[in-house]
Amino acid sequence: MDDIQYGDNVQAFVDAGMLSADARSSLSADQLEKINAWDTETVQRLVDLYRETGPIPSGLWI
Amino acid sequence: MRASEALDEVIGRERGWLDLTTMRLFTHPGFASIFSEFLVQVYHEMHTATALMEAARTRSAALATSCPVAARLVSYWDEHILEEAGHDEWLADDMRTLGMDVDAALSTPPSPTVAEIMGTLHFWVTHTHPVAAVGYFYFAERNVANVETIDHMASAAGVPPTALKTFYRHASIDITHGRELEELVDSLPLTTTHQDLLALSTSTIIRQLGRRTESLLLRAEQSARTDTSRSSTS
């Protein structure tokens, strides 16, 4: 049973489809703390951008 | 399971922090003020990626007679070096369009985070097997920014889209490169040792990319705080 508390912000990203269950499980405690410290407006901005633009371009560097 | 599917599983597991910090960076109020710094980092990664491919090509050729994976990689690196040639110069041209002093900007050493990423890849290519570099290109070229994202980036950075030609060009050409990489990975006669190295290098690089993006995000936060402080005292 998955009884880890990931926090509301992390859950919002999972619900939006931006974060898979596997990716969520791989976040460190420090990363979870940082994500959950982001304010509601910030989280909404990220979700809105994701809905507007689609896949996250984490590989745009080369 | 195909090798590309196994690699996709690794990427899917590791990418969470990188994805969220990337989106956070692109939506941060301080992004515009560090945009030049962002472009310089991208330039250094693009520029060094060519040197990485050349090192991987040399190492693949050296191992080719005893390793069929290395033998297959020689032609891949040959083709990909040509495909990527000059892309760093495209970006330098974009930087000039934005009014940046490119010679001055590029005369500073690349950041430690860029050195960490490229240094790690060079290490594995030189001291283990050149297949270690494939995961980096597989990830990067299959997760390129689309046109909508680049439109947003231009708007958030306060720059004209015409100054981001490099990113717009990659939005289309990397789709082809990504498909070629999937076919390459699935065509390689990988042993368990190769597969383990590919998974290790890919997961490590994605974590390093996350740290690199986080360091840029911190710079954006610092810049936004400085701007707020200035406006409150003026």
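Among the elements of chain A in this predicted model, helix H4 (residues 40-53) of chain A has the lowest mean pLDDT, at 92, and helix H3 (residues 29-37) of chain A the highest, at 94. Over the whole of chain A the average pLDDT is 87, and 90% of the residues score at least 70.

Chain A contains 4 helices and 0 strands. Read from the N terminus, its elements follow the order α-α-α-α. The C-alpha trace of chain A spans about 35 × 25 × 20 Å along its principal axes. Of the 62 residues in chain A, 29% are buried.

**Contact between the chains**

Chain B contributes 32 residues to the contact and chain A contributes 26 residues. On the side of chain B that touches chain A, the elements giving two or more residues are helix H1 (3-14), helix H2 (16-26), H3, helix H8 (134-141), H9 and helix H10 (165-187) of chain B. H2(B) gives the most to that side, with 9 residues. By class, the residues on this side of chain B are 14 nonpolar, 9 polar and 9 charged.

From H4(A), Leu49(A), Glu52(A) and Thr53(A) take part, and they meet Glu148(B), Thr149(B) and His152(B) of H9(B). The residues of this contact divide into 1 nonpolar, 3 polar and 2 charged.

**Helix H9 of chain B**

Within H9(B), the residues Thr149(B), Ile150(B), Met153(B) and Ala157(B) are buried. These four lie on the same side of H9(B), because they cover an arc of only 95° around the axis. An α-helix has 3.6 residues a turn, so residues three or four places apart point the same way.

Leaving aside residues up to four places away in sequence, Ala156(B) touches Phe26(B), Thr27(B), Phe31(B) and Ala32(B). In the case of Phe31(B), the separation from Ala156(B) is 125 residues in sequence, while the C-alpha to C-alpha distance is 7.0 Å. After H9(B) comes Gly158(B), whose phi is positive, near 70°.

**A helix pair within chain B**

Helix H3 (residues 35-63) and helix H7 (residues 112-127), both of chain B, pack with their axes 10 Å apart and at an angle of about 5°. H3(B) and H7(B) are therefore roughly parallel to each other. On H3(B) the contact is made by Gln41(B), His44(B), Glu45(B), Thr48(B), Leu52(B), Ala55(B), Ala56(B) and Arg59(B). On H7(B) it is made by Val114(B), Met118(B), Leu121(B), His122(B), Val125(B) and Thr126(B). The contact of H3(B) with H7(B) has 7 nonpolar, 5 polar and 2 charged residues.

| H3(B) with H7(B) | 10 Å | about 5° | 7 nonpolar, 5 polar, 2 charged |

Methods. Residues are numbered from 1 along each chain as its sequence is written. Chains are lettered from A and ligands numbered from 1 in the order in which they are written. This is a predicted model: local features need pLDDT of at least 70, side-chain atom pairs count only at pLDDT 80 or more; totals for chains, interfaces and linings use all residues. Axes are lines fitted to C-alpha atoms, for helices over the stretch in contact, and angles run from 0 to 180 degrees between N-to-C directions. Angles under 35 degrees count as roughly parallel, over 145 as roughly antiparallel, 65 to 115 as roughly perpendicular and the rest as oblique. Two residues are in contact if their C-beta atoms, placed from the backbone, lie within 7 Å. Ala, Val, Leu, Ile, Met, Phe, Trp, Tyr, Cys and Pro count as nonpolar, Asp, Glu, Lys and Arg as charged, and the others, Gly among them, as polar. A residue is buried if 20 or more other C-beta atoms lie within 10 Å of its own, exposed if 12 or fewer, and partly exposed in between; C-beta atoms are placed from the backbone. The arc is that of the directions from the helix axis to the C-beta atoms. pLDDT is the predictor's confidence in each residue, from 0 to 100.
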